[in-house]
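Q: I'd like to learn how to read a structure like this one, from single residues up to the whole chain. Could you walk me through it?

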Amino acid sequence: MKITGSLRSAKTFFKNWMLPIAMAAGALSYVGYHYCGFLHPAGPALAGFVSVIQPFLIFLMLFLTFCRIEPKEMRPHRWHMRLLAFQCLSFLVFAAGAMMIPANCDSRILLECAMICLICPTATAAAVVTGKLGGDMAGITTYTILINLTASIIIPITVPMVHPSEGISFITAFSLIVAKVFPLLILPCLLAWIVRYMLPKFHRFIIKFADLPFYIWGISLSLAIAMTVKTMYDTHLSPAYFAMIAAISLACCLVQFLCGKHIGKRFGEKITAGQALGQKNTVFAIWMGYTFMTPVTSMAGGFYSLWHNAFNSWQLYRMRKRNGK
């Protein structure tokens, strides 16, 4: 009985503190790898494994999430339009500011960091956290699709004017973004709907595992944090410059969570809108920095990953305290 009670307590502790545990595990795993020279020969194999398993985990997590959402619940709302307007207008304002500053200037790179943080689509895991916080999973999933479609249009139009790159036209950039988004966003949705209507028994079996997406996200988060720490080690910047990028990403994170909650409050969707605007697909942000801008700007996505997951951990902690758990 004592053993069973201990296991139950350990499970509850792990579930309650999964976000900080996953973040610490991811950071420490790469730090350990970095300072253990005998592990370095396995580096290429480990990188290849992560590049395969991380998209698979995101796909599986989204598939399980979509299985729990009725298709008829996924419809646009007025608060969706307000959030889209905020992201697009703030992105364009910073883009205009960046174009007025000479290329390779430090202040211009910092503005580009802010651009990435502001236009970056909602995280694919946002529905999982929103559900834990008591928000509308269908509403945030709809917004995730809308902002990905919007970003796939506004980024190719704007970024070539801010950061011209030879061979990156609108069609090229649009194709790159769609190729990045479609397999990990649209396909899980289509597969979930096929299972719902063509394999109802299997669908009923899947939705019994309500917490499974949350645990999958924990593993995916560990991998994402490990890759973020790797990027920090690989990018040789001065501590002051690191601090400036970290401050920019922190400011963008706080502003977007607060603005999202303020907008959502008017429509009775404070939690959902806050997560939709504040929780970002930081893997996309890092990729966007490397692909369309200066590689240094990808650090903004790495720092943002730390900030929004820390904020989510705090929100979940507050919710447990309110519920007396």
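Q: Is methionine 81 buried, partly exposed or exposed?
A: The general idea is a cut-off on relative accessible area: buried means under 20%, exposed means over 50%, and partly exposed is in between, with a 1.4 Å probe and protein chains only. Methionine 81 has 43% relative accessibility, so it counts as partly exposed. Keep in mind that this is a predicted model, where local features need pLDDT of at least 70, side-chain atom pairs count only at pLDDT 80 or more, and totals for chains, interfaces and linings use all residues. Residues are numbered from 1 along each chain as its sequence is written, and side-chain values use heavy atoms, with hydrogens and water left out.

Q: Where does methionine 81 sit, and what is it in contact with?
A: Helices (H or I, at least four residues) and strands (E, at least two) are DSSP runs, numbered from the N terminus. Methionine 81 belongs to helix α4. Contact means heavy atoms within 4.5 Å. With neighbours within four places in sequence left aside, methionine 81 is in contact with Pro76 and Leu146.

Q: How far is methionine 81 from phenylalanine 292, in sequence and in space?
A: In sequence they are 211 residues apart, and C-alpha to C-alpha they are 26 Å apart in space.

Q: What else can I read off for leucine 187?
A: Leucine 187 is placed in helix α8 (residues 170-198). Its relative accessibility is 34%, so leucine 187 counts as partly exposed. Setting aside neighbours within four places in sequence, leucine 187 is in contact with Phe59 and Phe182.

Q: And serine 249: buried or exposed?
A: Buried, as serine 249 has a relative accessible area of 0%. Serine 249 lies in helix α11 (residues 239-265). Not counting residues up to four places away in sequence, serine 249 touches Cys117, Ala300, Phe303, Tyr304 and Trp307.

Q: Let's move on to helix pairs. How do α4 and α12 cross?
A: Axes are lines fitted to C-alpha atoms, for helices over the stretch in contact, and angles run from 0 to 180 degrees between N-to-C directions. Here the axes of α4 (residues 78-99) and α12 (residues 270-278) come within 11 Å and cross at roughly 30°. That makes α4 roughly parallel to α12. The scheme is this: under 35 degrees is roughly parallel, over 145 roughly antiparallel, 65 to 115 roughly perpendicular, and the rest oblique.

Q: What is the handedness of the α4 and α12 crossing, and which residues meet?
A: A crossing is left-handed if the near helix is turned anticlockwise from the far one by less than a right angle, and right-handed if clockwise. The α4 and α12 crossing is right-handed. On the α4 side, Trp79, Leu83, Phe86 and Gln87 meet Thr272, Ala273, Ala276 and Leu277 of α12. By class, the contact of α4 with α12 has six nonpolar, two polar and no charged residues. For these classes, Ala, Val, Leu, Ile, Met, Phe, Trp, Tyr, Cys and Pro count as nonpolar, Asp, Glu, Lys and Arg as charged, and the others, Gly among them, as polar.

Q: How does α12 pack with α14?
A: α12 and α14 (residues 298-322) pack at about 160°, with their axes 11 Å apart. That makes α12 roughly antiparallel to α14. The crossing of α12 with α14 is left-handed. Gln275, Leu277 and Gly278 of α12 make the contact with Tyr304, His308, Asn312 and Gln315 of α14. By class, the contact of α12 with α14 has two nonpolar, five polar and no charged residues.

Q: What about α2 and α10?
A: The axes of α2 (residues 18-35) and α10 (residues 212-234) come within 8 Å and cross at roughly 40°. α2 and α10 are therefore oblique to each other, and their crossing is right-handed. The residues of this α2 and α10 contact divide into 17 nonpolar, five polar and two charged.

Q: Finally, how many helices and strands does the protein chain have, and how much of it is buried?
A: The protein chain has 14 helices and zero strands. Of its 325 residues, 48% count as buried.
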